[in-house]
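Here is a friendly tour of a protein model, written for someone who likes to know what sits where. Keep the viewer open as you read.

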Amino acid sequence: MSPSIVLSEHPPDKGISLPIALGYSGAMTIKLICLDADDTLWHNMRHFNATQDALTDILQPFADVDVTRERLIACEIRNLPLYGYGAKGFTLSMIEAAVELAGDQLSTAMIQDILAAGRALLAHPVELFDGVEETLERLANIGPLVLVTKGDLLHQESKLAASGLGDLFSGIEIVSDKKVDTFRTLFARHGIAPEQAVMAGDSMRSDILPALEAGAWAAFIPQEGAWSHERAQPPIGAARYTQLERLGELPDWIAGIN
């Protein structure tokens with residue numbers, strides 16, 4: 001079972017406690033709204049892709065761009081069980097890819113440049129997608145919001161703080177990975193049946209498929225430049241699945257379910 005770290009539990013507005021808010025009326029179908037963070041609420045992969053471009057420039061004397069990218073992806077996938085997801089593990093994988101491609105010709109200055117690119121990745125400003133705050137406010141009027149994100153604990157917490165969105169969430173969870181048991185545990189902790197929950201995010205592999213398998217509804221909101229590791233075949237014909245063009249469409253889709 002994937003570990004889940006609950007960073008905070010904020011009672012929703014209007015002076016009611018979370019258990020009461022989760023009850024709602026008997027006619028309400030969706031009682032919990034789970035949202036991904038990176039590339040769902042704010043831009044993320046554009047910064048990883050820019051950092052990857054920096055690595056290909058550094059290693060240009062030793063390998064073609066495509067070769068460097070393929071080697072980096074291979075290192076990332078191989079290291080996921082050890083480093084997990086996030087910018088720090090990505091930086092270590094960049095160094096490993098550089099060692100494999102440049103060998104003894106990899107200079108101290110090059111390693112310093114790679115580390116600088118990694119630090120820049122950790123320090124990039126949080127850029128919200130258009131209309132995110134307004135959409136979250138609409139969703140919060142439907143049911144409690146829970147942020148479900150994976151990655152480095154400190155980095156994800158700092159991005160959430162910089163986003164200014166934290167107070168809109170009733171729960172914030174940072175998990176090592178998103179699997180079926182991750183969602184089953186989350187739903188049980190909030191005292192709801194899986195069919196009373198919806199998960200929305202940009203990753204078919206991590207947000208959509210495991211949530212559907214756990215019994216929830218799922219809304220896929222794809223973004224350009226997605227990491228190949230997060231791609232998967234869509235669940236054609238799944239009754240509780242939809243694909244949206246943007247997060248702003250989510251409230252109306254949930255209203256249609258309810």
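What covers the buried residues of H10? The cover includes S2, H6, S5, S6 and strand S7 (241-243). Bear in mind that this is a predicted model.

- Leu250, Pro251, Trp253, Ile254 and Ile257 are the buried residues of H10.
- These residues lie on the same side of H10, because the arc they cover around the axis is only 160°.
- In general, an α-helix has 3.6 residues a turn, so residues three or four places apart point the same way.
- Asp252 and Gly256 are exposed, and they sit on the face of H10 turned away from its buried side.

**The nonpolar cores**

- The largest nonpolar core is made of 28 residues, and Ile33, Leu136 and Leu250 have the most contacts inside it.
- At least two residues of this core come from each of strand S2 (32-35), helix H6 (132-140), strand S3 (145-150), strand S5 (197-201), strand S6 (217-220) and helix H10 (250-257).
- H10 gives the largest share of this core, with four residues.
- As a general background, nonpolar side chains tend to be buried together in soluble globular proteins.

**Charged pairs**

- How many salt bridges does a search of the whole structure find? The search finds 17.
- Glutamate 127 and arginine 46 form a salt bridge, with 3.4 Å between the closest N and O atoms.
- This pair links distant parts of the chain, 81 residues apart: glutamate 127 is in the loop between helix H5 (108-123) and H6, while arginine 46 is in helix H2 (residues 45-58).
- Both partners are partly exposed, with a relative accessibility of 28% for glutamate 127 and 44% for arginine 46.
- Arginine 69 and aspartate 53 form a salt bridge too, and their closest N and O atoms are 3.1 Å apart.
- Because arginine 69 lies in helix H3 (residues 65-83) and aspartate 53 in helix H2, this pair ties together parts that are 16 residues apart in sequence.
- Arginine 69 is partly exposed at 31%, and aspartate 53 is partly exposed at 32%.
- Lysine 179 forms a salt bridge with aspartate 177, where the closest N and O atoms are 3.5 Å apart.
- In that pair, lysine 179 is partly exposed at 43% relative accessible area, whereas aspartate 177 is buried at 10%.
- Asp177 and Lys179 also belong to a network of salt bridges that links them with Lys150, Arg205 and Glu230.
- In general terms, side chains of opposite charge can pair when their charged atoms come close.

**Cysteines**

- The count of disulfides in this model is zero.
- Cysteine 34 is buried, with a relative accessible area of 0%.
- Cysteine 75 is likewise buried, with 0% relative accessibility.

- Serine 163 is in helix H7 (residues 153-163).
- Is serine 163 buried or exposed? Serine 163 counts as buried because its relative accessibility is 10%, which is under the 20% cut-off.
- A polar atom of the serine 163 side chain lies 2.6 Å from the backbone oxygen of leucine 160.
- Leaving aside neighbours within four places in sequence, serine 163 is in contact with Trp42, Val126 and Leu128.
- Glutamine 156 has its place in helix H7 as well, and this residue is buried, with a relative accessible area of 5%.
- Which residues does glutamine 156 touch, not counting those up to four places away in sequence? They are Asp38, Thr149, Lys150, Gly151 and Ile174.
- Glutamine 156 and glycine 86 are 70 residues apart along the chain, and their C-alpha atoms are separated by 8.6 Å.

Note on methods: Residues numbered from 1 in each chain as written. Predicted model: local features only at pLDDT ≥ 70, side-chain atom pairs only at ≥ 80, totals over all residues. Heavy atoms only, no water. Core = buried A, V, L, I, M, F, W, Y, C linked by side-chain atoms within 4.5 Å. Buried < 20%, exposed > 50% of the residue type's maximum accessible area, 1.4 Å probe, protein only. Disulfide = S-S within 2.5 Å. Salt bridge = Lys/Arg side-chain N within 4 Å of Asp/Glu carboxyl O. Arc of directions from axis to C-beta. Contact = heavy atoms within 4.5 Å. Polar contact = N/O pair within 3.5 Å; in protein donor to acceptor, adjacent residues only side chain to side chain.
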